[in-house]
Amino acid sequence: MRVRRFVGDNVSETMGKVKRELGYEAVILQTREFREGGFLGLFGTLKVEITAAIEEKPVNEQTKPTSNYVYDTPEVIQPARPVSDSKDQPGALQMEMKSVHLMLEKMNKQMEGLSEIKSVWPPLLQRWADHLQNRGISRTLVKRLITDVQHTLVEDEWGNDSQVYSRIEANIIEICGLTGPIQSKQDKPIIIALIGPTGVGKTTTIGKLAASFSVVDKRKIALITADTYRVAAVEQIKTFGEIIGVPVEVVMTPSELHKALSLHMDKELIFIDTAGRSPHHDLHMSELRAFLNKAKPDFSMLVVSATTQPADQLRIYQRFEALSTHLIFTKLDETESAGSILNLMSQTTLPTAYLTNGQNVPNDIVAATPNRLARYVLGEEMPSA
């Protein structure tokens, strides 16, 4: 078998090379798109690569001379006898046509697979569409963003990166418009509960918020942990409390939580760390609901990791939505496709309160703003204080 790799600017051109080099009997082994040139893989020239093969025939099966005459003697030239009776020729032709049809059908399916990958944008806008998809933004939102560029800018402006970027950024800012960090009250303590699945960084985020309000803003605060499922979580929040000099209460039941809150009514802010709950476990969700019913928090912030798959982010949000008032996105420093958070923000009416991008307390947390969210979604800026 002879295997060859062909590269072209589009599917038609590359398939033409396959047919010219290997013929119609070639078998397509693989098709893919890649970018050539550009900067760090961005804005390179889109190429199509097709790997094809053809079975080599043994020497004794190779095509024999096709002359219409055979030489029986040096002196006499006679017409060659037909290989088969003329009545069989239509059937043979039909078989050959069927074989060609099957091969073309297979090639079309290969090409359709590529067309699903390709978009329909003009080249100057295609590179932006690719960049947005690489950031983790859904195809639906990419279509929305690029369509707006196509309709609001004239074609001569599509090559102006600054103008295109500004248009896309403005649309993302609109999608990210709902933000809402903690606002203080004067008459009673603000109660803030952090909720969400396991492993999203709730305890670390509470430590950052507590340190920011206590050390930086000089507010009187208290910490309560209901995460008694993990010994490490209790020790971690106790350590935070000792470092910043604030009281820490450990509770195991909703009734104990209610009592702990009553002990700290002189505080300005009370942060509650809840145990990570599986959104698929009804009993866990019922327990969380019981704690929140006792606490009656002013802010119930759903913590979502930017490293979580978009489909799972949506399922988590849908399960916790009824218990949540705000969103916090964590671990933005651990993914290169955190544009996926835009997918969730476009499907929720909850405001985004904070973004975290590291383990340092209290530095690696910032209040969410539409502009900061948009710049990060586009990959321009890591959130920073």
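1. A friendly place to start is Val27: this residue is partly exposed, with a relative accessible area of 34% (buried means under 20%, exposed over 50% and partly exposed in between, with a 1.4 Å probe and protein chains only). Val27 lies in strand 2, residues 27–36 (helices are DSSP runs of H or I with at least four residues, strands runs of E with at least two, numbered from the N terminus). Together with Met1, Val3 and Leu29, Val27 makes a nonpolar surface patch of about 370 Å². Patch members have over 30% relative accessible area and no salt bridge; like charges are joined within 9 Å, and nonpolar side chains (Val, Leu, Ile, Met, Phe, Trp, Tyr) within 5 Å.

2. Please keep in mind that this is a predicted model, in which local features need pLDDT of at least 70 and side-chain atom pairs count only at pLDDT 80 or more, while totals for chains, interfaces and linings use all residues. Residues are numbered from 1 along each chain as its sequence is written, and side-chain values use heavy atoms, with hydrogens and water left out.

3. Now the overall picture. The protein has 12 helices and 13 strands, and 42% of its 385 residues count as buried. Of the contacts with a separation of 6 or more, 70% are between residues 24 or more positions apart (contact means heavy atoms within 4.5 Å). The protein exposes about 21100 Å², and carbon and sulfur atoms supply 51% of that area (Shrake-Rupley method, 1.4 Å probe; for residues, only the protein chains shown count as cover).

4. Which residues of helix 5 are buried? They are Val164, Tyr165, Ile168, Glu169, Asn171, Ile172 and Ile175. These residues cover an arc of only 165 degrees around the axis, which puts them on the same side of helix 5 (the arc is taken from the directions from the helix axis to the C-beta atoms).

5. What covers the buried residues of helix 5? The cover includes helix 3 (123–134), helix 4 (139–152), helix 11 (340–345) and helix 12 (370–377).

6. The buried residues of helix 3 are Leu125, Gln126, Arg127, Trp128, Ala129, Asp130, His131 and Leu132. They pack against strand 2, helix 4 and helix 5. Just after helix 3, Gly136 takes a positive phi of about 95 degrees.

7. Helices 3 and 5 are also joined through charged side chains. Asp161 forms a salt bridge with Arg127, with the closest N and O atoms 2.3 Å apart (a side-chain nitrogen of Lys or Arg within 4 Å of a carboxyl oxygen of Asp or Glu). Asp161 lies in helix 5 and Arg127 in helix 3, so this pair ties together parts that are 34 residues apart in sequence. Asp161 is partly exposed at 32% relative accessible area, whereas Arg127 counts as buried at 18%.

8. The structure holds 11 salt bridges. One of them pairs Arg5 with Glu49, the closest N and O atoms being 2.3 Å apart. This pair links distant parts of the chain, as Arg5 is in strand 1 (residues 2–8) and Glu49 in strand 3 (residues 45–54), 44 residues apart.

9. Arg319 and Asp282 form another salt bridge, with the closest N and O atoms 2.3 Å apart. Arg319 lies in helix 10 and Asp282 in helix 9 (residues 282–295), so the pair ties together parts that are 37 residues apart in sequence. Arg319 counts as partly exposed at 31% relative accessibility, and Asp282 is exposed at 53%. Elsewhere, salt bridges that share partners join Lys220, Asp266 and Lys267 into one network.

10. Last, a loop residue: Gln309 lies between strand 10 (299–305) and helix 10 (310–320). Gln309 counts as exposed, at 53% relative accessibility. The C-alpha atoms of Gln309 and Ser340 are separated by 8.2 Å, with the two residues 31 apart along the chain.
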